[in-house]
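Dear colleague,

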Amino acid sequence: MKWVLALTYLNLLNHLNNVRGPHLVVCPASVLENWEREFKRWCPSLSVIKYHGATRTAYSKELRYLSKTGKPPPFHALLVCYSLFERHSVQQKDDRKILKRWKWSCVLMDEAHALKDKNSYRWKNLTSLARNAEQRLMLTGTPLQNDLHELWSLLEFMLPDIFATGDMDLKRLLNVEDRDLIISHIKAILGPFILRRLKSDVMQQLVPKTQQVEYVHMGNEQQKAYKEAIEEYRAAARAPVMRLYESNSNSIVVDLPQRQISNYFVQFRKIANHPLLVRRLYNNRDVTRFANMFYTRGTFGSNCSLERVIQELKSYSDFSIHSLLLCHGIRDANETLLDEHVMASAKCQALAELLPALKEDGHRVLIFSQWTSMLDILERALDVIGLTYKRLDGSTQVAERQTIVDTFNTDSSIFACLLSTRAGGQGLNLIGADTVIIHDMDFNPQVDRQAEDRCHRIGQTKPVTIYRLVTKSTVDENIFEIAKRKLLLDAAVLQNVIDVEDQLDMPEKTMGEILSALLLG
């Protein structure tokens, strides 16, 4: 467990060099409570303050005064969230000013791949604060996320005097053009700066992990919705904005704005996951009728015009409109969605078969989705199937997250835990489950890898199975292929796997090229 190694290191600084801080630990909100718990367990002689929520309010005035007057902080270690470095509120800016006034012994970043984008406010604000720290320690199981430039951002954060590159391309920086030579150079550069413990190093303490890809086939209605979306965008693509290249070859590329490409992709992905994630069942006439009702009730506030309410509801998905109706006590079967609507996706049908069988065999399950709107549908689906569950996503209060984790791990009557991939996919210990279902994959496969490791970790006593749900004949398959190629790069650079390097020669399709194939048939 990486936090044990990190805390052992802080203990060594204390005992060997008499360095008791101050240390700053930056981590995702989901693991704040766990860091506080592990500090008390492994470093009982160091005083720790969790600077978030109610404790932030309690300590902010005292810390502001002490930092302004040049007095030492009232702690040996301070725990903060990454969000403190990415928001622009007056409170966040004041907090950053307080932290910059102290000279930190060690600035420790947990899940340090959060610093992969050197152009982000998060990266810039943390770099400004950590510049004068005596040491920087970065913890991550997945330092290579999408490409080598993101890996280089971590190196530049850690040692800017050595790795600062400006906007120079890595090929120019390394003075090589050949891909194999670039990988070889990166491996040599990383050597002195990365201490990596692979699972193979501790395999005796880990249970086996099995990967399984479940290809699912859309039913008639979902297939119809997917085809309608493609036809709609084919019509839109005939606008003058489209420009074709290489017309005399088999490769046709559509020149569309990146944002438009992303929007198209998201729409196709949503339908591939569940048609209720878009608005299709509720037509414009229904929307206008509901808008009049909500406008009369003042649902969207007294200053919101009827036209604005209509436009707002037009942007809602079918399930969002359904949920809004239920929230206002409208339960008419002619207005709200039925159980068959909720189960009318290939993936929900697969879960309806898989989950009861897993429960029958004594397994417990973590189900991950990137979209909280999909988690909303999955909650209803589990109710229909008749299974118990907990839920944790970005809207879950930080103070409640560890309680949910502890409850799930100790209460075997709770069969499943629904988690958003970003909020629940890193740092949490959920060894009460032995099965992970990736409902919808991320373009970045390391995000899904992090999710897998919530239950495949030291302390797990049962073999772990990972299921990935992939909808056939949709962009789901393209995303799966893109993710596999990114994992090959990780294996070549970080795991010294040589026999995968030839596979990196396979051409990687861009979103635009995939979309072109869809739009133009």
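A salt bridge is taken here as a side-chain nitrogen of Lys or Arg within 4 Å of a carboxyl oxygen of Asp or Glu. This is a predicted model, in which local features need pLDDT of at least 70 and side-chain atom pairs count only at pLDDT 80 or more, while totals for chains, interfaces and linings use all residues. Residues are numbered from 1 along each chain as its sequence is written, and side-chain values use heavy atoms, with hydrogens and water left out.

The structure holds 22 salt bridges, and one of them joins the side chains of Asp 453 and Lys 209 (3.8 Å, N to O). Asp 453 lies in the loop between helix H20 (445–452) and strand E13 (464–471), and Lys 209 in strand E6 (residues 209–216), so this pair ties together parts that are 244 residues apart in sequence; helices (H or I, at least four residues) and strands (E, at least two) are DSSP runs, numbered from the N terminus. Lys 209 and Asp 453 also belong to a network of salt bridges that includes Glu 452 and Arg 468.

A further salt bridge is formed by the side chains of Lys 347 and Asp 476, at 2.8 Å from N to O. Because Lys 347 lies in helix H16 (residues 346–360) and Asp 476 in helix H21 (residues 475–494), the pair ties together parts that are 129 residues apart in sequence. Lys 347 is buried, at 0% relative accessibility, and Asp 476 is buried as well, at 2%, where buried means under 20% relative accessible area (1.4 Å probe, protein chains only).

Best regards

Notes:
Buried means under 20% relative accessible area, exposed over 50%, partly exposed in between (1.4 Å probe, protein chains only).
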